[in-house]
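Dear colleague,

Please find below the structure that I am handing over to you. My notes on it follow directly after.

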Amino acid sequence: KIARSLQAEIAALAAQIAAEDNDHQACLSAWEQANHLDPDSAEHLGGFLLALIDNNRLGEAETQFSEQPINPEKLPYQPARLLYVRATLAFHSGDLNKARLLAGQTLDSLRQVTELASAGALLDLQLPIKLARLFMSIGLPREAIKTVRLALEHYPGSVDATTIMAKSLLSAGQLDHALQYAHIAVGLAPDRIDLRNTLAEMLEVAGNWQSAYEERAAILEKQANPAVSDLHHFASCALRAGRPEETIQVCQNLLSEGKNDGIALAIYARAIAEQGSIQDALDILEQTIEDNPTQKDIWLALADIYSRYQQGESIQRVIETLNAATKAVPEDAELWLALGEAYLGENSPTQALPALRNARNLLEPTIDGVIEQTCLSRVALRLGQTLQQLGHLEGARRELEQAFMAAPYQPEVAYAYAKALLALNDPAPALLPLEIVLQSRPSDPQVYLDYARCIL
């Protein structure tokens, strides 16, 4: 038995080395061997189940967990890996409260491991990173920040930990600090395109279009053959940064390749409209829709140009356009959102409500992707505001809470959520969003009055 236990420890060590090398299959095989050699070890069981989850074999992890001989509830000590696995399984089963409880226990266990690490033991870097992601998924970004700090105390040069810290700070509404860590991550690994994309997206959210443009340009320079999506992002960002000529050049290059690139055509139309060729832009978009009505970017560009540049009956024209768009592409959330916002612009919340609900039903919460989080937040914000206008205060609070969880760094979102809580006489949870609003509006007396109402 001693020999098998030693062999199990060797297999566990091999599993951790494979995990550091991102070799998920080798990691799984090693943990499976360790668990087989020493089935009484909760540590090895946790590693094996975690490896199954990392290999997208969630069903097998749930089966193994339910069939294993160890009863986690009765263990005097549960290793952090096993606690994390239990938290993850609870989250995927929909038991959010249990997931939050177990994730908190995992963090406590990691703190104990960190104390041991200070005495020379090895801290598994990947586990706190995974736990931080889970905390963001269950709406506890501040706990995610605490978790990543544990990793950075022992691995200050870790690119992955630094990146997760940036995302955790963003999820907690601390955009300025998130940008600092995103810059550090790029400095640590300047050739990683994914890190530069994350930084560029955060700069765009912050409205710093010139810096975002420079980052988007660096992304193209780092690639011999840039991805089409990176060219799209650069063209769109260049337009927002006041460089329509560069936008037009990139889009013309993409369109000259003969591909049916609706995104490039939509950006191109916006750029030439910005330069004054409004009718040419409208003609291009209308003809494209006549030929192929299923390209959502073309519809959105057409509605946007009508809204920006056409006077008189522009709102009604926008609504007609977006109604046609949602019939042609009924499964696109952005089109339904645009239609709902158009109705709100005409002060018609009753008509906006079904459009916004359609948009909401087509979106799923996400923990990765600043753009996706911003879209989810915008949909939930408009739906919450509409419900509030129509007197559905509790429903408004739920949607605005979701909007705030998706993008707490947006002052408009934070203030709308705080106002919804105050309307329901629930001031305590309004403190955090009001603190975020105060950072962007330090001279607004109304925000201070609302904050005072919460603490009195």
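**Helix packing**

Helix α5 passes helix α7 in a left-handed crossing (left-handed if the near helix is turned anticlockwise from the far one by less than a right angle, right-handed if clockwise). Please note that this is a predicted model, in which local features need pLDDT of at least 70 and side-chain atom pairs count only at pLDDT 80 or more, while totals for chains, interfaces and linings use all residues. Residues are numbered from 1 along each chain as its sequence is written, and side-chain values use heavy atoms, with hydrogens and water left out.

Helices (H or I, at least four residues) and strands (E, at least two) are DSSP runs, numbered from the N terminus. Two packed helices are described by the angle between their axes and the distance between the axes. For α5 (residues 80–92) and α7 (residues 126–137), the angle is about 25° and the axes lie 11 Å apart. Here axes are lines fitted to C-alpha atoms, for helices over the stretch in contact, and angles run from 0 to 180 degrees between N-to-C directions. The two helices are therefore roughly parallel to each other (angles under 35 degrees; over 145 is roughly antiparallel, 65 to 115 roughly perpendicular and the rest oblique).

On the α5 side, the contact (heavy atoms within 4.5 Å) involves A80, R81, Y84, A87, T88 and F91, which meet L127, K130, L131, L134 and S137 in α7. By class, this contact of α5 with α7 has seven nonpolar, two polar and two charged residues. Ala, Val, Leu, Ile, Met, Phe, Trp, Tyr, Cys and Pro count as nonpolar, Asp, Glu, Lys and Arg as charged, and the others, Gly among them, as polar.

A80, in helix α5, is buried at 6% relative accessibility (buried is under 20% relative accessible area, exposed over 50%, partly exposed in between, with a 1.4 Å probe and protein chains only). Leaving aside residues up to four places away in sequence, A80 touches T106, S109, L110 and L127. Between A80 and Y268 there are 188 residues in sequence and 52 Å in space, C-alpha to C-alpha.

**Salt bridges**

How many salt bridges does the count come to? The count is 21, where a salt bridge is a side-chain nitrogen of Lys or Arg within 4 Å of a carboxyl oxygen of Asp or Glu.

One of them joins K222 and D191, with the closest N and O atoms 3.2 Å apart. K222 lies in the loop between α12 (209–221) and α13 (228–240) and D191 in the loop between α10 (175–188) and α11 (193–205), so the pair ties together parts that are 31 residues apart in sequence. K222 is partly exposed at 40%, whereas D191 is exposed at 59%.

E341 and R382 also form a salt bridge, at 3.0 Å from N to O. This pair links helix α19 (residues 333–345), which holds E341, to helix α21 (residues 370–389), which holds R382, across 41 residues. R382 is buried, at 18% relative accessibility. R382 forms a salt bridge with E412 as well, the closest N and O atoms being 3.1 Å apart. That pair links α21 to helix α23 (residues 411–423), with R382 and E412 30 residues apart. E412 is partly exposed, at 45%. Through shared partners, salt bridges join E341, R378, R382 and E412 into one network.

**Overall**

The protein has 25 helices and zero strands. Of its 456 residues, 49% are buried.

Kind regards
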